[in-house]
Structures are given as C-alpha cells and as structure tokens.
Amino acid sequence: MLLTAAAMDTVKPAGYEGRYVQGFQFYLKHSEEHKAILGYVDKVLPGEFTRIGEGKSKMDVLGVGSGGGEMDAHILSILQSKLPATALTADIVEPSIHLTDNFKALVEKTPSLQKIPFSWHTVTCGEYEKQVKDKREIKRFDFIHMIQMLYYVDDYPGTIKFFHNLLKENSKLLIVHEAAGSGWDTLWKTYRKELCTKSISDYLSAGDIKVHLERLELQYDEHLIPNTLDITDCFTTGDEMGELLLDFMTEQDHFHQSLTPDLRASILDLLRNRCSTEKEGRILFDCSMSCLLVYS
C-alpha cells in the first residue's frame, strides 16, 4: 500500500518482493504521489526555511526513511536557494543498502549536493534511536523530515517524541502521511482485521498521528495534499494492471486468490462507493495526504 520507496525497506523488507514491488511502482507512477508532495514542498518550505534559518550560519538536516534520495535532494536544493550563505549538513537514516547506494549515486552526479557533507546511517529508526541514546553527544537538527515512513513503526508516539527531541530551538519536524478520511484510511480501517495480517500489524492515518501529537502537547500546522488514482481497471475481471494494483492496495500476494469471494466483493464495493469518486466514467481513488509541520 501507499509507501515511498524509503518506507518499503524501513523495517520489514522481507515483505516487499515480486508483485508487491511491481504494484508499488505502478501506484507511484500513476498516482503521481511524488509530484503531489513536491508541489507542497515548493509552496510551503521556502518560507519555512527562511524563518528557521534566520540568524543561523549553519543548518543541519535529518532525513528519516530517505530511500533513493529524490525528496531529500529537492528539499536540500530549496534550502540552498533560499539560504545560499548558510552552511548545510545532511544526515540520512535509511536501512536499505541498495537505496542508500542509489542516493549516493545521486549525490555524485549532482554538483550542488556535493557541497553538502553527508552522514549515512544505514539502519532502521529503532537502531538509529539506540545509537543516538548510546552516545554522550547528541547531534540536533534544524529540520527533520519523515515522509511516508511511519507505517511500520511499532511505537508511534515514542518514535515521534524521539525525533522531535532532536530538534534545535526554532526548528521544524515534517511528517507526511495519508490523510484522515482518505481512501486508504477508509479501506484499511474498515478491513483492519482482514488486511493487517502481514507486515502491517495496525493502520494509522494522519488523523491518528495528530492525536499522538496532541497527547504529546506538540504544536503543529496541517496542510492537505489532494490526490487521486484512477483504479477503474481494478473492476475489470482479468485486467493485469488492475489485479496488480489490487494486490498492492490490500497487501495480498494475489487478491483474487487470497481472499474469499464475499470479502473480495465487499472490498471492491467499498473501493468504488466509499473510497472513490466517479468522473467521466473513471473511478478515482482518494489517496490524499496530510503534511504535518511540527514546531520545536
């Protein structure tokens, strides 16, 4: 379901092979999720970086679950353009060696990124937290981003609290997650018992994250990123791309073989009538996201 490439390897990589990866790549391409997030980043972060960087000669950035680095590279480029006289450092937490190598290759072919000192942490969030707590000197950051990677964290409030505690004064933590009331939220909460049986043991939306933020008494701003995905092919029996997408959306090896006929029919009905809208004969699944900017 719904992950960035980063999150796919963040905690339980064994679950992401074969058809799931194909489905993820198909989803990412056709939902234009990255494009939607970048649109938000371009609109909101320049002003935020100007405020965060005021009076600072250096800014330290932490990316959590950065994958191949496409988002990080864009965020760092905005920082460089808004604060050209400010020195930058970047720490990257990404457990996948393959994706980290992709990120390093991106740095090697991008002259502007080569000016930034990178520290690579090829570990999970939990391992990084342990490493940090074992050190006497803790590095703190001016900006931390966690984009589409909280799905597999066991202790949501604990993880948020830990990374929030790494912020310097007058800094921000960015969390991007699926919006409350989105198609994902409706699907996975309606069929939590039936679908949360593999890598995902529970499901939370941005609405649930907001509850944790409020319990932690953390101030935040929320920005909604509207987005849809055409899932019309999911309702055509035997359509290869439709079946691949259904596998991905429900985290099944083979949707039509793994689930009972009644459950399949119920899920398809939900997808069509409660998770989507219809426009010009096409069924558009609501995959909107929320961006939560948390104050230090």
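**Aspartate 269 and beyond**

Author: Aspartate 269 is found in helix 14, which covers residues 261–273. Bear in mind that this is a predicted model.

Reader: How exposed is aspartate 269?

Author: Aspartate 269 is partly exposed. Its relative accessible area is 46%.

Reader: And how many Å separate it from threonine 50?

Author: The C-alpha atoms of aspartate 269 and threonine 50 are separated by 47 Å. Along the chain, the two are 219 residues apart.

Reader: OK, confidence. What is the mean pLDDT?

Author: The mean pLDDT is 88. Of the residues, 92% reach 70 or more. Over residues 1–16, though, the pLDDT is below 50. That stretch has 61 contacts in the model beyond near neighbours in sequence.

Reader: In which sense do strand 1 and strand 4 pair?

Author: Strand 1 (residues 58–64) and strand 4 (residues 141–147) pair in the parallel sense, over 4 bridges. Valine 64 stands opposite methionine 146 in strand 4.

Reader: What about the open sheet of 3 strands, what's its order?

Author: That sheet runs 7-9-8, with antiparallel pairing. Strand 7 (228–230) and strand 8 (276–279) each have a single partner strand, so one side of each is left without a neighbour in the sheet. Here the twist averages 35° from one strand to the next.

Reader: How many bridges join strand 7 to strand 9?

Author: There are 3 bridges between strand 7 and strand 9 (residues 282–286). Leucine 229 stands opposite phenylalanine 285 in strand 9.

Reader: Last topic: helix 5. Which residues are buried?

Author: Leu99, Thr100, Phe103, Leu106 and Val107 are the buried residues of helix 5. Seen down the axis, they fall within an arc of 115°, so they line one face of the helix.

Reader: And which are exposed on the other side of helix 5?

Author: Ile97, His98 and Glu108 are exposed there.

Terms used: Residues numbered from 1 in each chain as written. Predicted model: local features only at pLDDT ≥ 70, side-chain atom pairs only at ≥ 80, totals over all residues. Heavy atoms only, no water. Pairing = 2+ DSSP bridges. Helix = DSSP H or I, 4+ residues; strand = E, 2+ residues; numbered from the N terminus. pLDDT = per-residue confidence, 0-100. Contact = heavy atoms within 4.5 Å. Buried < 20%, exposed > 50% of the residue type's maximum accessible area, 1.4 Å probe, protein only. Arc of directions from axis to C-beta. Axes fitted to C-alpha atoms, helices over the stretch in contact; angles between N-to-C directions.
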